[in-house]
Every structure is written in structure tokens, then in C-alpha cells.
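Here's a quick briefing to keep beside the structure while you look around.

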Amino acid sequence: MKRCNNQGGKMKQLLNAFILLALLSVAGLSFAETGLPAEAAATVAEAAAEAPAATPPTVDKGDTAWMMVSTLLVTMMVVPGLGLFYGGLVRSKNMLSVLMQVLVVFSLIVILWAVYGYSLAFGGSGLFIGNFSKVFLQGITPDSLADTFTDNVKIPELIFIAFQSTFAGITCALIVGSFAERIKFSAVLLFSVIWFTFSYLPIAHMVWGSDGYLLSKGALDFAGGTVVHINAAMGGLVGAYVVGKRIGYGKESMAPHSLTLTMVGASLLWVGWFGFNAGSNLESNGGATLAFINTILATSAAVLAWSLGEALVKGKASMLGAASGAVAGLVAITPACGSVGPMGAIVVGLAGGFLCLWGVSGLKKILGADDSLDVFGVHGVGGIVGALLTGVFTAPGLGGTGAEDFSIGSQLLIQAEGVLITIVWSGTVSFIAYKIVDIAIGLRVSEEIEREGLDISEHGETAYHI
Amino acid sequence: MKLITAIVKPFKLDDVREALSDIGVSGVTVTEVKGFGRQKGHTELYRGAEYVVDFLPKAKIEVAVGESLVDLAVEAITKAANTGKIGDGKIFVTNLEQVVRIRTGETGDEAL
């Protein structure tokens with residue numbers, strides 16, 4: 001009987017979350033209606049049609065095919081990859097809750113992306129945010145085109161939207177690792193909606209959007225070191241503080257329940273990351289192959305660095321360490337992969353491996369938060385290392401693709417500004433978002449539920465029947 | 001009748017079973033157990049988190065024998081399970097008041 005009441009309460013909370021979602025959508029719609037006529041800045045396709053004098057843009061079937069494959073690869077990173085990587089790291093009683101949070105957060109954000117996210121991130125120009133001209137993807141047809149890095153070479157806008165939707169989805173899903181094993185499912189969803197809207201979208205626009213503040217400044221973030229990794233890591237770290245430590249943290253064993261599944265997840269992440277990084281080139285050409293080889297080299301370097309570091313400091317090189325090293329290397333090379341040379345990528349990977357090892361041990365002790373699956377230690381530290389080193393190894397003298405007048409000093413400053421803005425912005429938004437969720441529906445499950453495990457109490461099922 | 005309970009290293013289980021068969025023991029019960037003795041546990045390290053594992057896996061063998069076989073059985077287990085290293089385990093011998101074979105209803109020595 002008590003259980004029934006409990007479920008009724010949860011249903012109510014979920015319902016609240018969906019009502020908020022609906023309100024947001026309606027708000028978006030009304031904005032769009034008022035703001036549209038003036039701002040419906042011609043889509044690229046329309047612009048091209050109005051200026052027939054110029055040569056018509058090229059749409060290459062190879063580029064289109066590559067972008068569809070890349071989008072699949074990033075989807076693979078999240079739903080099986082991140083889910084299993086995270087799932088293996090929690091205790092068996094919470095396995096399904098983590099898989100479920102990753103799957104549903106990803107799905108939710110992809111829908112929000114189509115409803116208003118894409119428009120706010122990539123619709124129109126502005127320093128901090130786009131506009132509502134493309135809410136509900138209005139006006140976009142299979143003939144609409146999106147820019148690439150080459151003048152007059154375009155890709156269908158629909159695949160650009162799909163590709164970018166997976167980035168938004170994975171970023172929000174990454175945060176799950178920080179508050180795993182103790183948060184309400186409904187709280188995860190509500191937080192994700194708020195954080196996506198007020199942190200992911202502005203940062204994505206600032207870095208990648210037309211006239212975005214950091215883009216205009218010249219900040220280099222090829223595949224999303226700041227937008228995805230530092231952004232998510234701050235959301236996670238603040239969550240670890242606000243939600244609080246797991247019961248028994250530091251006293252009871254919280255050893256991962258299946259490092260085998262974690263390895264499966266890490267492997268899927270690595271393979272999928274080729275879509276994430278090389279796909280961010282938007283064209284299937286030499287630039288994509290640079291990002292591609294950098295994604296192999298930096299990751300391998302980081303695996304070696306983490307393993308060596310562990311062997312030296314702790315006496316043994318662990319599988320979890322090597323797998324974490326792979327992810328650290330992937331994170332670190334993400335902003336750099338399009339502009340550093342292969343040897344630069346190896347250095348970025350080595351630095352990412354060593355420093356993230358410190359991130360999950362030394363730094364973690366300093367921070368004192370129960371960041372369950374080390375989202376900040378790996379994605380935050382790796383993201384910062386990558387963002388800063390991008391400013392170094394893009395230099396042509398160090399094998400990068402920077403222009404002749406590339407200045408490491410001034411680029412480093414711009415990179416640091418990007419990092420700082422992301423940390424402060426995401427940190428602030430996250431804190432407010434967690435507080436709102438806490439007041440509205442509560443963040444944590446009860447002690448009894450936490451001890452019993454989230455699988456059975458939040459989802460009514462058990463991962464393993466052995 | 002005695003009940004012999006032996007805690008041995010898991011990888012020695014087959015050797016013990018063979019040694020017991022050789023002296024004419026017709027049945028044993030085996031359980032996977034965990035415990036600690038003089039053998040220290042070990043430390044597991046997952047990223048920054050260190051966990052001390054105190055309980056080590058062992059195999060528990062239970063065998064009921066008549067008085068004539070007790071010493072032989074204890075000797076057989078001791079020999080078969082011995083590695084000379086710490087953690088080889090222990091053997092406990094206790095009195096057994098009654099044994100019943102469920103299928104036939106036989107009791108005492110006949111049921112062994």
C-alpha cells in the first residue's frame with residue numbers, strides 16, 4: 001500500500017516534468033510567431049536561390065553519406081557505449097538506473113533539440129544565443145543546406161541537425177555519471193531539460209553558432225571540448241556537491257560491478273568517437289582524415305600514459321585505468337583533432353592520460369565531492385588540457401595547421417577564456433538548476449531506496465537474476 | 001560417525017575429491033565460501049578508490065564417514081590440499097549423531 005502511494009508521488013513528479021516541457025515548447029512557439037517574419041533570415045538555400053549569379057553550392061554525396069555514418073557513430077557512443085561504460089562502474093543494484101538515465105536523457109534531449117534547441121544554438125546570429133526562427137525545424141526541407149568549412153560546399157541541413165542532436169544528447173547524458181546511484185529518475189529528467197536549455201545551448205552557440213562570442217574571438221574547439229566535455233563536467237561536479245555523497249561513501253565498498261561491461265562501453269566510445277571527431281569536419285576530405293588519425297593516436301597515447309602512471313605510482317597497471325585513459329585521450333583530443341598534427345596529438349594524448357589520472361585521484365581528494373564515475377576527473381580535466389593544448393599544438397612550427405602568423409601566447413589566452421566562461425556559466429546554471437529541481441520535486445531518493453538500489457525501487461526491475 | 005568439514009583452497013578441490021575417492025569415501029558436499037584466517041586479504045584499487053578485500057574465496061568440503069575412515073580421510077585431505085603456504089585451510093572433525101538415507105530410510109553407518 002505504501003509502495004503504491006510512493007509510485008503515485010513519482011508519477012506526479014514525472015507529470016510535472018512533462019508539463020514544464022510542454023510549457024517550454026509553447027513558449028518557444030509563441031516567440032517564434034512574433035519573432036519570425038523579421039528574423040527568418042533566409043536559409044542558405046533561399047539565399048542561394050536569390051543570388052543565381054554565384055555558382056550553385058556543391059552538395060557531395062560522399063559528404064552526406066559520411067555525415068549520416070558519423071551521426072550513427074555518435075549515437076552508438078551514447079546508447080550502448082556510455083551506458084555500458086557507466087553501467088559497469090556502478091554496483092549491480094544500480095545498473096539499470098544508469099542505463100535508463102543515459103537512454104532516456106539522450107532521447108529527451110534529441111527531441112528538445114528538434115523542438116527548440118537547434119534553433120537557439122544555430123538559428124540566426126548573436127553573441128550568446130541564436131533565435132527562435134527554426135523552432136520545430138520549421139522551414140527546413142530535404143533541400144535546405146548547411147555550411148561546411150569550405151566555401152560553397154554544403155551538406156543537407158537535416159543531417160547537420162541530426163548530427164548535432166547527438167552532441168546535445170551525449171553532453172547531457174555524460175552528467176549522469178556524477179550523481180549516479182542516489183538521484184531520483186524524475187530529477188535527472190527535469191535537471192536535464194533546464195541544463196540543456198540554459199547551459200548547453202548558449203555555450204554551443206557561443207562556440208559554434210553564427211557570430212558566437214567565442215567563435216568570433218577565434219577560440220578553437222573543433223569537436224566540442226568546451227561545449228561537450230567541460231560543460232558536462234561542471235554540470236556533474238556541481239551535481240556531486242549539491243546532491244551530496246552516496247551513503248557509505250568512503251566506508252563501504254563501492255567497487256564497480258562489471259569492468260568487462262565498462263571495457264565494452266569504452267571500446268564502443270572509442271570507435272564512435274571517430275564519428276564525433278572526424279564527423280565534426282562536416283566533409284569527407286583531408287581535414288576529416290587529420291581528425292581521424294589524431295583520434296587514434298591521442299587515445300593510444302593516453303592509454304599508455306595512464307597505464308604507465310598507474311604502474312609507477314600505484315605499482316599495477318589496471319584495466320579500468322587503461323580504459324579510463326582511452327576516454328581521457330579521446331576527451332583531450334576532441335577540441336584539438338582538427339587543427340593539431342599527428343605528433344601534437346600524441347603529446348595531447350599523453351598529457352590527457354597523465355593529468356586525468358591525477359584528476360580521479362589527487363584532484364578528487366582535493367575537491368572532496370563524490371563524483372561517482374569521475375565525470376570531472378576525466379571530462380573536466382581532459383577537456384581543459386585539450387582546450388589549452390589546442391592553443392599550443394595548432395602552431396605550424398609544432399606540426400599544426402595554424403596560419404603562419406599563429407601566436408601560441410594569444411591563442412592560449414583565448415582558449416583559457418573559453419574554458420573559464422564555460423566553467424563559470426555551466427557551474428552557475430547547474431547550481432541554480434539543481435536547486436530548482438530540489439525544491440520542485442527533490443533530488444535524492446530516500447535512504448531506504450538508496451540502500452535497496454535504484455533498479456528495483458525506481459524502475460521496478462533487477463539487472464541480474466543469478 | 002564423524003562429520004569432517006574441510007576448508008581448502010578452491011584449486012585444490014579436485015585433488016581432495018580424488019584422494020577421498022581413493023580411500024573409499026562415497027560422497028561429499030562442496031560449497032563455495034569466503035572467509036579469513038591468517039592469510040591476509042588483498043587491496044583492490046579502482047581509480048582513486050581503494051578497497052581492502054578481507055574475505056578470500058575458499059571451498060568447503062563436508063564429508064560424513066564411519067569411525068574406521070576418519071583418520072584416513074583427514075590424512076587424505078591434509079595431503080591433497082597441502083601447498084605449504086599460508087592459507088591452505090583447516091579441517092574440523094565433529095561427532096555425528098545420526099545419518100538417514102532419504103530414499104530408503106536406512107540410518108547410521110548403513111546410510112553412509
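Chain A comes with 17 helices and 3 strands. Keep in mind that this is a predicted model. Of the 466 residues in chain A, 57% count as buried.

**Chain A overall**

- Take the contacts in chain A between residues at least 6 apart in sequence: 78% of them join residues at least 24 apart.

- As background, most residues other than glycine have a negative phi.
- A:Phe136 isn't a glycine, yet its phi is positive, near 55°.
- You'll find A:Phe136 in the loop that runs between helix 4 (95-122) and strand 2 (145-147) of chain A.
- A:Phe136 has 16 C-beta neighbours inside 10 Å, so it counts as partly exposed.
- A:Asp374 also has a positive phi, about 60°, and it is not a glycine either.
- Look for A:Asp374 in the loop between helix 13 (362-367) and helix 14 (375-393) of chain A.
- Is A:Asp374 buried or exposed? A:Asp374 is buried, because 29 other C-beta atoms lie within 10 Å and 20 or more is the cut-off for that label.

**Where chain B touches chain A**

- The contact draws 7 residues from chain B and 12 residues from chain A.
- On the chain B side, the elements giving two or more residues are strand 3 (42-46) and strand 4 (49-53) of chain B.
- Strand 3 of chain B gives the most to that side, with 3 residues.
- Sorted by class, the side of chain B that touches chain A has 4 nonpolar, 1 polar and 2 charged residues.

**A helix pair within chain B**

- Helix 1 (residues 13-22) and helix 2 (residues 70-81) of chain B pack with their axes 8 Å apart, at an angle of about 150°.
- Why do helix 1 and helix 2 of chain B count as roughly antiparallel? Their angle is about 150°, and anything over 145 degrees gets that label, so the two helices are roughly antiparallel to each other.
- The crossing of helix 1 and helix 2 of chain B is right-handed.
- From helix 1 of chain B, the contact uses B:Asp15, B:Val16, B:Ala19 and B:Leu20.
- Helix 2 of chain B brings B:Ala73, B:Ala76, B:Ile77, B:Lys79, B:Ala80 and B:Ala81 to the contact.
- By class, this helix-helix contact has 8 nonpolar residues, 2 charged ones and no polar ones.

Conventions. Residues are numbered from 1 along each chain as its sequence is written. Chains are lettered from A and ligands numbered from 1 in the order in which they are written. This is a predicted model: local features need pLDDT of at least 70, side-chain atom pairs count only at pLDDT 80 or more; totals for chains, interfaces and linings use all residues. Axes are lines fitted to C-alpha atoms, for helices over the stretch in contact, and angles run from 0 to 180 degrees between N-to-C directions. Helices (H or I, at least four residues) and strands (E, at least two) are DSSP runs, numbered from the N terminus. Angles under 35 degrees count as roughly parallel, over 145 as roughly antiparallel, 65 to 115 as roughly perpendicular and the rest as oblique. A crossing is left-handed if the near helix is turned anticlockwise from the far one by less than a right angle, and right-handed if clockwise. Two residues are in contact if their C-beta atoms, placed from the backbone, lie within 7 Å. Ala, Val, Leu, Ile, Met, Phe, Trp, Tyr, Cys and Pro count as nonpolar, Asp, Glu, Lys and Arg as charged, and the others, Gly among them, as polar. A residue is buried if 20 or more other C-beta atoms lie within 10 Å of its own, exposed if 12 or fewer, and partly exposed in between; C-beta atoms are placed from the backbone.
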